[in-house]
There are 2 protein chains.
Amino acid sequence: MLTDATPPKPHERLATALAGDMEAVSALISTRMASENAPRIPEVTAHLVGAGGKRIRPLLTLAAARLCGYGGDDHVKLAATVEFIHTATLLHDDVVDESAQRRGRPTANLLWDNQSSVLVGDYLFARSFQLMVETGSLRVLDILSGAAATIAEGEVLQLTAARNLATTEETYLRVVRGKTAALFQAACESGAVVACAPEEHIAALAEFGDALGVSFQIVDDWLDYGGAGEAIGKDLGDDFREGKLTLPVIRALMRADEAERTFWRDALERGKSDDLDRARAILASHGTLEETRIEALAWRDRAQAALARLPQSDLRDMLADLADYVVERAN
Amino acid sequence: MLTDATPPKPHERLATALAGDMEAVSALISTRMASENAPRIPEVTAHLVGAGGKRIRPLLTLAAARLCGYGGDDHVKLAATVEFIHTATLLHDDVVDESAQRRGRPTANLLWDNQSSVLVGDYLFARSFQLMVETGSLRVLDILSGAAATIAEGEVLQLTAARNLATTEETYLRVVRGKTAALFQAACESGAVVACAPEEHIAALAEFGDALGVSFQIVDDWLDYGGAGEAIGKDLGDDFREGKLTLPVIRALMRADEAERTFWRDALERGKSDDLDRARAILASHGTLEETRIEALAWRDRAQAALARLPQSDLRDMLADLADYVVERAN
């Protein structure tokens, strides 16, 4: 029977190619998120882990290790580490942003309480460090603990830059690197390191992860003003209501007239307006949503150029397709 | 000129004996809590670090390493690690407990916001892992990352046990080990490990740290009902109002008549009574505050018995005095 099923997406093809590894990662995550003493921990974690998500970060670690010819199984531990760090930051982010929805479901802070989200996040951070210690690779530990610091620093920076109209593109990029690209980069780099890849391949994969992460986040920020809210499982205009200064807004502020500047001040600094339609109209009039999309494409190109420095392989091609897919969300 | 100055306390004598090391720890903490990108981080951290505290945990690490004959300087990194982990948990605890005061000053969550406390805590956790990775000792990494997991697990357990009158002494002890003893133990054990001490000395110091931590926490829980609020820089009756089931209450519940049980249920489970005087009178009538004090003394004895397995030295004697001092707060 003929069907018009859509072809599998790049991350789905990666998941298929790495199916055995991913099963091992899932099993490890289940084992390590358990806590005999505090059943609240697996409850909260399972709520998030069970909600799926594309598991792009562990896929990156596994793919990086395998395409560097790795034959061991420490990459499974690293992939689980990366997913634990990601889950921990999601739990804390939802507390910080006072979010009510994540991946199309109520957030843990809403279902349980902020306390549980903070402490279970801490537990997952600690468990992630235990896991990476088990690999016995000091270089990997250095990469991942550094990424954890960059993530937290980026989140603090985002917090203090929010509602501040003077936020520069440089600060924006630093926030993006912290909140998203640091872990993408560490996921790729640590996979290459555990595979004992040549230094130039490690550097190429680190650069790929960074650029992929930046492009991913820029698209996310674009979608918050331009995309369909349902498609990404979060509300349209979240950033706007939280007073976050993202790229389309920063560019529009540079060209704002007096009336527009007053609007942005009322909306972002003072939280006195939630007129998202007006915001979108202003962004459209200055063409900054389109500029933002183009910026994401430029980072996609950098990601693919880094990959081109690696030997050809199916996994490499899937990663290149993944970079395309990330920006295709913004069509 | 004669003065009636009180003799220095054991932790003050330790700080004097280890003055050079402690200066190095303070300098390292200042350097590593900095963040060029996010000035909020050193602001929040300095508020807590500047409030002093006795710095017992880093002193334990330094003393353990030195009394095992250590001549290097990795123990300084470990001591700073331990203090960072402690500071991070304080930041998160104050969010979880919604505390307004810590060390006699307004808490960070009150001065800034919960968001800053959560994220700066995350940053300090990450920085602590970076610091311990620099020691290059996988065994130390295993000890400290395990302690971090036990701490978070204990905090979650405390959260879920709060307002539950069925909480057992076994659960209470697990919470105490998590919230306090795990880090005391790891502080001592990692100091001995970095000094390459013989296994039996490492074990003795780990046991000392655990017992010291348990006795310290039991005294804290005693003080919450029996001590002078000002002396410990927190309000009397905090645990009572937060519905925490601590040892004096768990024991009193075992012997409660119908009226008392109703009182505890109203006060702890339902938060409908804040009659601390009544609570103290009930505890006194069953003698459970005195029993709690005696339990703390028993843990003090265990701590000192563990120390006795180490060769005699001035530092060892100061640690034994410290164990006495911890319980003397409950006089």
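This is a predicted model: local features need pLDDT of at least 70, side-chain atom pairs count only at pLDDT 80 or more; totals for chains, interfaces and linings use all residues.
Residues are numbered from 1 along each chain as its sequence is written, while chains are lettered from A and ligands numbered from 1 in the order in which they are written.

Chain A contains 16 helices and two strands, where helices (H or I, at least four residues) and strands (E, at least two) are DSSP runs numbered from the N terminus. For its 331 residues a compact globule would have a radius of gyration near 20 Å, and the value of 20 Å for chain A agrees with this; the radius is taken over C-alpha atoms, and the globule rule is 2.2 Å times the number of residues to the power 0.38. The C-alpha trace of chain A spans about 60 × 50 × 50 Å along its principal axes. Of the 331 residues in chain A, 59% are buried, a class defined by under 20% relative accessible area, as against over 50% for exposed and the range in between for partly exposed (1.4 Å probe, protein chains only). Among the contacts in chain A with a separation of 6 or more, 76% involve residues 24 or more positions apart, a contact being heavy atoms within 4.5 Å.

Chain A carries 35 positive and 51 negative charges, whose mean positions are 1 Å apart. In this count Lys and Arg are positive and Asp and Glu negative, with His and the chain ends not counted, and each charge is placed at NZ of Lys, CZ of Arg, CG of Asp or CD of Glu.

Chain B can be laid on chain A with an RMSD of 0.0 Å by a turn of 180 degrees and a shift of 0.0 Å along the axis, and the two copies are thus related as by a two-fold rotation axis. In chain B, the C-alpha nearest this axis belongs to B:V118, at 3.6 Å from it. Both copies use the same surface, as 100% of the contact residues of chain B recur in chain A. The superposition is by least squares on the C-alpha atoms of residues with pLDDT of at least 70 in both copies.

Helix α7 (residues 114-135) of chain B includes B:F125, which counts as buried because its relative accessibility is 9%. Leaving aside residues up to four places away in sequence, B:F125 touches A:D122 as well as B:I85, B:A88, B:T89 and B:H92. The C-alpha atoms of B:F125 and B:I282, 157 residues apart along the chain, are separated by 41 Å.

In the loop between α3 (40-50) and α4 (56-67) of chain A lies A:R55, a residue other than glycine with a positive phi near 55 degrees; at 15% relative accessibility, A:R55 counts as buried. In chain B, B:R55 occupies the loop between α3 (40-50) and α4 (56-67) and has a positive phi of about 55 degrees.

Conventions. Side-chain values use heavy atoms; hydrogens and water are left out.
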